[in-house]
Each structure stands twice: as structure tokens, then as C-alpha cells.
Amino acid sequence: MPMSEALRLSMLAPPAGKCRIVIDTDTFNEIDDQFAIVHALLSPERVNVEAIYAAPFVNESNDDPARGMELSYDEVLALLARLNIPHEGLVHRGVTRYVGPEKRPLDAPAVDDLIARARNSSATDPLYVIAIAAISNVASAILKAPDIIEKIVVVWLGGHAIDWSHQNEFNLAQDVGGTQVLFDSGVPLVLIPCEGVTTILHSTVPEIERYVEPYGEIGAFLAMRFKGYCDDHIGWAKEIWDMAATAWALSFDWAPSVLVPTPVLTNDMRYSSDRARHMMRYVYAVDRNAIMKDFIHKLAGSDTPRESACLKSL
């Protein structure tokens, strides 16, 4: 039986109280996943991070999605080590290739874990899947166990603004077939675009050096990753895209949204509209300052600064 629109809309209402979340991440691909994961882990008053799934990726330095998944797995472990959080039972390896145009489910520990956690959830107490990578793990779980769509809410950072001229965005382009599975499944979906929406969520080297780097091993690690992304820091700001997805779970006000019909994704990575389609929640803005201030305060509260920098001015 297809999921009713009434049930879908009730699950897309702003979450009340503490959320149970899993994070699906291509952590080593960029520098933003690391910030998003740490922000969630430092926010136990708002979210309970039940699992972290390593997702595949291919970029200019890696041409093998399986290796990308392993690199991401190792990067998550590096983050947890610096936060003194055990990784056993928390981090799971994901699929080693993309769902692709065949739209067949792929096997992986992350897929099985997601299905099990989803089946232990309900429409009134859903599992929030914070997806900040190619959607291959999540799409595989939906294909393998379609019943879970009534027990999860997927919060995916992918694609660009709906009115953008194309949707050739990294997460979406990695697995067009998997994205089509996500959009067509009817799962309650919160879509957070990149260009046109999340672009404003950026930082600079001076801000990172002042408010992130001094705070413990994790602050130094995040600063190293941030500064290492570009050799020329003059006049340079870097988007921390993925923080928008975890921020949505931390405070609904930080990522305002509207209900709109889920778009149809064409094979050439463009959106086609159909007003008869099931509804999704579409994030149209992010409060960059509120997100960064909350992250900085929590990071500062998690460790004693290694040098004289402090947060008295905040």
C-alpha cells in the first residue's frame, strides 16, 4: 500500500523533543562532513546519534567508490578518536558502488543496520536519516525494505535550488539512479539544496583559527582539514555545506522550509515538476550565524583551549 499523504505530512512536521538520528556521510571527500558530524555529536541535548554510515565517493583524488567508502570510514574513526568516543557498534561500512540506473539494492553493513533501526522505529517516533553524501546506502535500504519508508525521515543535502538551471551537484551526480529511487519512493523527505541555499554557510581561516583550532585535538583536526583544502587563503571563504543537514535536526528555525511537491529527476540531472507528486519539505534558507555560533560554543565547552584564544567576545 502506498504511504498516505496525511501520514507523510505528519512525519514532516517539525520534530518535537530529542531526535534519534543516523548520519550517512562521505567524510573524506571534503571538509564539511567532519564539522557536521562533530556538531551533532556535541549536541546530545537535541539529538541521539545512533549510527554513522560511510558512503562511497569518487573525486579528483580517488577514482574508486569502494576506496572512497573506506577512506570515509577511516576519517570517521579519526574524528571519534579525537572526541574519545568508541567507534565499535557506532560506525558501519557502506556500499562499495552506486545504485545507478539499474536501481537494484546493494548489500552492506550500513544498509542492514539502517533497515534494522528503521524497523524498530515508528511513524510517531521516526528515525531521522541525516544524509550528506551520495544517497546509495539509503536508496539500497529503501529498495531492500520498502516498508521502512513509514518509519524514517530522510534529511538529504543534495542537488541545487529547485529553480537552478541544472542539478549537476556532487552528491546527486554521484548516483542519479539512487536519487531517483529516493524521490520516487514516497519516503518523508527534507531536501536541502546546495547552490542557491546552503552556499551562505561558509567560514574563513581567521574565524577557524580564532574559534575552532584552539579547542582540543578535535578543534586542531578540523582546522587542519579546513586550511588544507586550499593553498591560497587570501580573501578565501569555504562553504561548510553539510552542517545545514545536521543543523536542521538541531533547530528547525536554522533551516526554514516549505512543503512542495517532490520533483521528478530526469536522467540528465534536471528537475521536472508535477503538482500531483507527493509532498516534501524544501529548505529555502539557512541561518549561517546561528549555526556557526552554536557549533563554536559547543566546541569551546567540550575542551580547554590549548592557547589564549577564548570566546568572551561572543
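**Figure 1. The second largest pocket of the predicted model has a volume of about 220 Å³.** The structure shown in this and the following views is a predicted model. Lining this second largest pocket are 15 residues, of which Pro-15, Ala-123, Thr-124, Pro-126 and Tyr-128 are the closest to its centre. Two elements, α1 (5-11) and β1, each give two or more residues to the lining. With three residues, α1 gives the most to the lining of the second largest pocket. Divided by class, that lining holds ten nonpolar, two polar and three charged residues.

**Figure 2. A salt bridge joins the side chains of Asp-125 and Arg-20.** The N to O distance of this pair is 3.9 Å. Asp-125 is placed in the loop between α4 (109-119) and β4, whereas Arg-20 belongs to strand β1. The two residues are 105 residues apart, and the pair thus links distant parts of the chain. Over the whole structure, a search finds 19 salt bridges.

**Figure 3. Eight strands form an open sheet with mixed pairing.** The strand order is β3-β2-β1-β4-β5-β6-β12-β9. At the edges stand β3 (91-92) and β9 (257-261), each of which pairs on one side only. Strands of a sheet pair through backbone hydrogen bonds, in either a parallel or an antiparallel manner. Between β2 (residues 47-54) and β3 the sense is parallel, and the pairing extends over two bridges. Tyr-53 is found opposite His-92 of β3.

**Figure 4. The largest pocket holds about 550 Å³ of space.** Its lining consists of 28 residues, and the closest to the pocket centre are Asn-29, Glu-30, Ile-31, Asp-32 and Tyr-229. The elements that give two or more residues to the lining of this largest pocket are α2, α6 (170-174), α9 (216-228) and β8 (237-239). By class, the lining of the largest pocket comprises ten nonpolar, seven polar and eleven charged residues.

Conventions
Residues numbered from 1 in each chain as written. Predicted model: local features only at pLDDT ≥ 70, side-chain atom pairs only at ≥ 80, totals over all residues. Heavy atoms only, no water. Pairing = 2+ DSSP bridges. Helix = DSSP H or I, 4+ residues; strand = E, 2+ residues; numbered from the N terminus. 1 Å grid on protein atoms, 1.4 Å probe; cavity = no way out; pocket = protein on both sides within 12 Å on 5 of 7 lines; lining within 4 Å. Points joined across faces, edges and corners; volume = space filled by probe spheres on them. Nonpolar A, V, L, I, M, F, W, Y, C, P; charged D, E, K, R; others polar. Salt bridge = Lys/Arg side-chain N within 4 Å of Asp/Glu carboxyl O.
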